[in-house]
Amino acid sequence: MRIVNISWMKNFVIFILLLFGNFSLHCESVVYFSPKEGICQQLIKCINSSRQRIYAAIYLLTDKTIAQALIDAKNKRGIDVQIVTDVSSLENRHNKIDWLKENGIEIFIFRPNKKSSGNFGQIMHNKFALFDNKVWTGSFNWTFSADKRNRENIICVDDDHICKR
């Protein structure tokens, strides 16, 4: 087995953002990697700092602390919270989608009409969110494993143009 040092990845991602991002000078961007940089805590900070809306397309949501932060945003602060997830996420015994729905969060389930070519159907595999005008995206599912065990990443960009896309 070959062990690869991936610390260069942070600098590479920042380089790509600067090279192809076409960001304006007022744009603020941050990059995080799990498990060492506490992505879950950064996500909860974004949830807690939102003032108007949280719209998320998330393949898998099983982390109770994230779900509770979303519920608090909706019910304690009146934030418009809407979640899109894949139908397969409902099959996970740890999913928090039903709990979110029971607490007034609007949930949309991606259910494709037909299978695509091959043996597998279509899935909604996105992992992004809009926190007011900030865009959060990367490989990070909203799960304990993504934060504590896996090697995941996110980029959070504060840019109106990207947010509108």
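Biologist: What makes the pair Asp147 and Lys148 a salt bridge?

Modeller: In this predicted model, the closest N and O atoms of Asp147 and Lys148 are 3.3 Å apart. The cut-off is 4 Å between a side-chain nitrogen of Lys or Arg and a carboxyl oxygen of Asp or Glu. The pair therefore counts as a salt bridge.

Biologist: Why is Asp147 called buried?

Modeller: Asp147 has 4% relative accessibility. Buried means under 20%, so Asp147 counts as buried.

Biologist: How many salt bridges does the structure hold?

Modeller: Two. Lys76 and Asp72 also meet in one, at 3.9 Å from N to O. That value is within 4 Å, so the pair qualifies.

Biologist: Where do Lys76 and Asp72 sit relative to each other?

Modeller: Both are in helix α3, four residues apart, so about one helical turn separates them.

Biologist: What are the exposure classes of Lys76 and Asp72?

Modeller: Lys76 has a relative accessible area of 68%. Exposed means over 50%, so Lys76 is exposed. Asp72 stands at 22%.

Biologist: What lies around Asp132?

Modeller: Asp132 is found in the loop between β5 and β6. Beyond four places in sequence, its contacts include Ser49, Ser50, Gln52 and Cys163. The backbone nitrogen of Arg51 lies 2.7 Å from a polar atom of the Asp132 side chain.

Biologist: What is the strand order of the open sheet?

Modeller: The order is β1-β7-β6-β5-β2-β3-β4, with mixed pairing.

Biologist: Why are β1 and β4 called edge strands?

Modeller: β1 (28-33) and β4 (106-110) each have a single partner strand, so one side of each is left without a neighbour in the sheet. From one strand to the next, the twist averages 10°.

Biologist: What makes β1 and β7 a pair?

Modeller: Pairing needs at least two bridges. β1 and β7 (residues 153-158) share six, in the antiparallel sense, so they pair. Glu28 has Asp158 in β7 as its bridge partner.

Biologist: Which helices pack against these strands?

Modeller: Helix α2 (residues 39-49) lies across β1, β2, β5, β6 and β7, at about 155° to β6. Helix α3 (residues 64-77) touches β2 and β3, and its direction makes about 145° with that of β3.

Note on methods. Residues numbered from 1 in each chain as written. Predicted model: local features only at pLDDT ≥ 70, side-chain atom pairs only at ≥ 80, totals over all residues. Heavy atoms only, no water. Helix = DSSP H or I, 4+ residues; strand = E, 2+ residues; numbered from the N terminus. Axes fitted to C-alpha atoms, helices over the stretch in contact; angles between N-to-C directions. Contact = heavy atoms within 4.5 Å. Polar contact = N/O pair within 3.5 Å; in protein donor to acceptor, adjacent residues only side chain to side chain. Buried < 20%, exposed > 50% of the residue type's maximum accessible area, 1.4 Å probe, protein only.
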